[in-house]
Amino acid sequence: MKFALKSILVATIALSSAASLAHNHSENSLVANALNDEQRAAKNSERDKFRHPAQTLAFFGLKPNMSVVEISPGGGWYSEILAPVLKDNGKFYAAHFPKDATGFYQRSRSEFEQKVTQDPRFSKVIVTEFAPVTHTELAPANSADMVLTFRNVHNWYMGKNKDGALSAFKSFYTALKPGGTLGVVEHRLPEARADDDQKSSGYMKQSYVIEIAKQAGFELVASSEINANPKDTADHPKGVWTLPPSLRLGDQDADKYKAIGESDRMTLKFKKPL
């Protein structure tokens, strides 16, 4: 009898493991399909080697049946990966610039909305509004399984200092279900540098981002070096925008900065406590 029970247990574990592997393979395939879609612009695909989207989304634990919010998606670099993955079984909120925004912000939102109406990959995307302090309802409260923000924290800090960053993280906390995940990718400032360098460089200290998240109520689950770049000194004439893809100096030392590649980045996974 003991042998029979042991055999049943082993078989059950094997079946469970096989099902888990098959499920993970399916998720990975959906992301791979989105990355390899012919509609993806070549200039976006070229960024994959710096942004490691498949590994980053796997680290955060993305699943196709989740309700996910992307914060400030801009032109939709990550959205064109997330939208197809979530289209059939999940829900995808793009928390873009507010409708009453002006200038660049208004143009960026309008261009994104055109994708939603014209590109089948974006057909089920729900566009909401986000700006720290003023527009904080990203999705219904306690509804999201995951909130993702890519290279945005410095904008909130530079715009409204700690108040802006803390307001943003509190908004994420409100939108997430208990146990939900917050994924953060951000340009990383070396810890030895002065805090004031965060005000204009586009880089943030990892310790600072973690502290702001904790003040908003989050717990740090894990950090990853997926998006690290040891070539980046984070000390450039035009801040992080000196590097690709911005290349703010134009042709001046362009080869030097292209050789460095995109910025060194922290990749942090937080959770909203149960």
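Contact here means heavy atoms within 4.5 Å. The structure is a predicted model, in which local features need pLDDT of at least 70 and side-chain atom pairs count only at pLDDT 80 or more, while totals for chains, interfaces and linings use all residues. Residues are numbered from 1 along each chain as its sequence is written, and side-chain values use heavy atoms, with hydrogens and water left out.

On to the overall picture. The chain's secondary structure comes to nine helices and eight strands; these are DSSP runs numbered from the N terminus, with helices being H or I of at least four residues and strands E of at least two. The radius of gyration, taken over C-alpha atoms, is judged against a globule rule of 2.2 Å times the number of residues to the power 0.38. For 274 residues a compact globule would come out near 19 Å, so the 20 Å of the chain agrees. Along the principal axes, the C-alpha atoms fill a box of roughly 75 × 45 × 40 Å. Contacts with a separation of 6 or more are 74% between residues 24 or more positions apart.

As for surface, the chain exposes about 13600 Å², with carbon and sulfur atoms supplying 53% of it; accessible areas come from the Shrake-Rupley method with a 1.4 Å probe, and for residues only the protein chains shown count as cover. Some 48% of the 274 residues count as buried, that is, under 20% relative accessible area, against over 50% for exposed and in between for partly exposed (1.4 Å probe, protein chains only).

The largest pocket has a volume of about 1500 Å³. A pocket, on a 1 Å grid over the protein atoms alone, is an open set of points where a 1.4 Å probe fits, with protein on both sides within 12 Å along at least five of seven lines, and lining residues have an atom within 4 Å of a point. Grid points are joined across faces, edges and corners, and the volume is the space filled by probe spheres set on the points. The lining runs to 45 residues, and Gly74, Phe97, Phe104, Asn152 and Asn155 lie nearest the pocket's centre. Two or more lining residues come from each of α2 (42-45), β1 (67-71), α6 (103-118) and α7 (153-175), and α6 gives the most, with seven. By class the lining has 20 nonpolar, 13 polar and 12 charged residues, where Ala, Val, Leu, Ile, Met, Phe, Trp, Tyr, Cys and Pro count as nonpolar, Asp, Glu, Lys and Arg as charged, and the others, Gly among them, as polar.

Asparagine 155 lies in helix α7 and, at 39% relative accessibility, counts as partly exposed. Its C-alpha atom is separated by 7.4 Å from that of glycine 202, 47 residues away along the chain.

Histidine 96, in strand β2 (residues 91-96), counts as buried because its relative accessibility is 0%. Beyond four places in sequence, histidine 96 touches residues including Pro73, Gly74, Phe112 and Phe130. Glutamine 198 sits in the loop between β5 (176-189) and β6 (204-205) and is buried at 1%. With residues up to four places away not counted, glutamine 198 touches Tyr157, Met158, Leu189, Tyr203, Met204, Lys205 and Tyr208. Leucine 243, in the loop between β7 (219-224) and α9 (254-260), is likewise buried at 1%.
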